[in-house]
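Hi,

Here is the structure I promised to pass on. Have a look at it first, and then read my notes below.

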Amino acid sequence: DPAKGGGSISYGQSVRGALNNRYSSHRWTFEGRTGDHVIITMVDPSGAGLLDPSLSLQIADGREIAANDDVGDIHPDGMTTRDARIDFILPGDGLFIIEAGRFGGRGDYVLTLEQATP
């Protein structure tokens with residue numbers, strides 16, 4: 001159901017979605033390998049601070065292995081203090097779940113999955 005959002009994402013891809021009171025999080029899945037260095041970002045593209053993004057990275061059974069709510073004052077270009085970012089080395093091969101959620105607010109988001117080069 002496109003209204004619910006979520007689906008699959010690949011390295012080097014950005015996806016868009018919208019969160020609100022009915023759909024407070026979306027689940028995006030990707031295949032990863034042991035030692036992959038992933039950088040996941042979730043930003044509010046409005047620039048108006050309508051959405052406070054929150055990220056969770058989970059293994060296939062739903063256990064959380066990394067999370068971030070606010071990147072804070074020292075943040076990469078294109079991000080604001082309340083945007084979310086996970087920088088993590090994958091512990092194994094398999095399916096991983098990115099839960100794109102919100103600490104508060106509502107609105108559009110852009111989620112990007114990158115594989116950092118060693």
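Leaving aside its neighbours within four places in sequence, which residues is Asp 52 in contact with? Keep that one in mind while you turn the model around, and remember that the model is predicted.

The answer is Asp 69, Asp 70, Arg 82, Gly 101, Arg 102, Phe 103 and Gly 104. Asp 52 itself sits in strand E5, which covers residues 51-59. Here's the part I liked: Asp 52 is buried, yet it has no salt bridge. The nearest side chain of opposite charge belongs to Arg 82, 4.1 Å away, and a salt bridge needs the two charged groups to be within 4 Å.

Now for Arg 22. You'll find Arg 22 in the loop between E2 and strand E3 (26-32). Is Arg 22 buried or exposed? Its relative accessibility is 68%, so Arg 22 counts as exposed, the cut-off being over 50%. The side chain of Arg 22 also makes a polar contact of 3.4 Å with the side chain of Tyr 23.

Last, the sheet. Four strands make up an open sheet, in the order E2-E9-E4-E7, with antiparallel pairing. Strands E2 (13-19) and E7 (84-89) are at the edges with a single partner strand each, so one side of each has no neighbour in the sheet. From one strand to the next, the twist averages 15°. E2 is joined to strand E9 (residues 107-115) by seven bridges, and the two run antiparallel.

Cheers

Key:
Residues are numbered from 1 along each chain as its sequence is written. This is a predicted model: local features need pLDDT of at least 70, side-chain atom pairs count only at pLDDT 80 or more; totals for chains, interfaces and linings use all residues. Side-chain values use heavy atoms; hydrogens and water are left out. Two strands pair if DSSP finds at least two bridges between them. Axes are lines fitted to C-alpha atoms, for helices over the stretch in contact, and angles run from 0 to 180 degrees between N-to-C directions. Buried means under 20% relative accessible area, exposed over 50%, partly exposed in between (1.4 Å probe, protein chains only). A polar contact is a pair of N or O atoms within 3.5 Å; within protein, one must be able to donate a hydrogen and the other to accept it, and residues adjacent in sequence count only if both atoms are side-chain atoms. Lys and Arg count as positive and Asp and Glu as negative; His and the chain ends are not counted. Contact means heavy atoms within 4.5 Å.
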